[in-house]
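Please look at the sequence and the model first.

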Amino acid sequence: PEAPAHAPAPAEPVLESSEDIKRVGPLEISHGLYSIFLSEADECIRVLANDVAEWRYEPARTITPNIVRRAHSLCGISRTVGLAPVVAIADPIDELMRTLSALGGLRPFSLSPSQFDTLERVIERVRGMLHQFAAGIYPEEGPLEAGAVQDVVSVVRAHGALHAEMPPVSAPDILRDSASDIAEVELEFAPEIDVEPELAIEAQP
């Protein structure tokens with residue numbers, strides 16, 4: 001009799017060797033992901049820094065899609081890698097840019113010089129964190145920077161809420177109000193005309 005066929009043994013999972021893993025602080029990620037992250041994060045922070053520096057000279061213009069996209073990408077890839085100190089700052093930056101973009105041209109908000117200073121200082125802090133991570137050093141948390149950006153987000157959201165509660169005034173309303181104001185002014189400053197009694201009586205129907 002033939003010997004019973006044995007089922008093939010299940011394949012054992014392939015484990016990455018220690019040479020394939022990059023350890024930085026509490027993180028353990030593949031060298032491939034580590035290299036991709038550093039490249040993409042460096043590009044995001046470079047574009048953010050340059051665009052914000054140019055934007056502060058034209059604060060009245062609306063935010064560009066490029067800034068919104070880069071801020072969102074920086075937050076997303078940092079969250080994917082698990083770099084918590086960067087995520088804690090990149091998240092409110094992402095929220096700020098998306099909020100400014102949502103206001104658009106209908107309820108625009110122009111950042112003040114001090115708010116631009118805050119944004120540039122925070123971006124430089126994130127750049128420093130990325131440089132530390134690239135050097136194999138796990139960066140420290142930056143709660144002050146995260147809180148500073150969140151304060152700007154609160155101001156922008158308050159601006160948006162305030163203008164959302166103000167109904168738009170239509171052109172006829174504006175013209176009607178202006179006409180009423182002009183009529184009141186004309187009545188106030190109109191010269192008094194003495195009408196003789198006989199003429200006043202004749203003028204009545």
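**Aromatic pairs and a helix**

Both F37 and F133 are buried, where buried means under 20% relative accessible area, exposed over 50% and partly exposed in between, with a 1.4 Å probe and protein chains only. The model is predicted, so local features need pLDDT of at least 70 and side-chain atom pairs count only at pLDDT 80 or more, while totals for chains, interfaces and linings use all residues. Residues are numbered from 1 along each chain as its sequence is written, and side-chain values use heavy atoms, with hydrogens and water left out.

**Aromatic pairs**

- Rings of Phe, Tyr and Trp (its six-membered ring) pair if their centres lie within 6.5 Å; planes under 30 degrees apart count as stacked, over 60 as edge-to-face and the rest as tilted.
- The count by this rule is three aromatic pairs.
- Y34 and F133 are edge-to-face, because their ring centres are 5.3 Å apart and their planes stand at 65°.
- Y34 is in helix α1 (residues 31-55) and F133 in helix α4 (residues 113-134), so this pair ties together parts 99 residues apart in sequence; helices (H or I, at least four residues) and strands (E, at least two) are DSSP runs numbered from the N terminus.
- F37 and F133 have ring centres 5.7 Å apart and planes at 85°, so they too are edge-to-face.
- Y34, F37 and F133 make up one aromatic cluster.

**Helix α2**

- Buried residues of α2 are I67, V68, A71, L74, C75, I77, S78 and V81.
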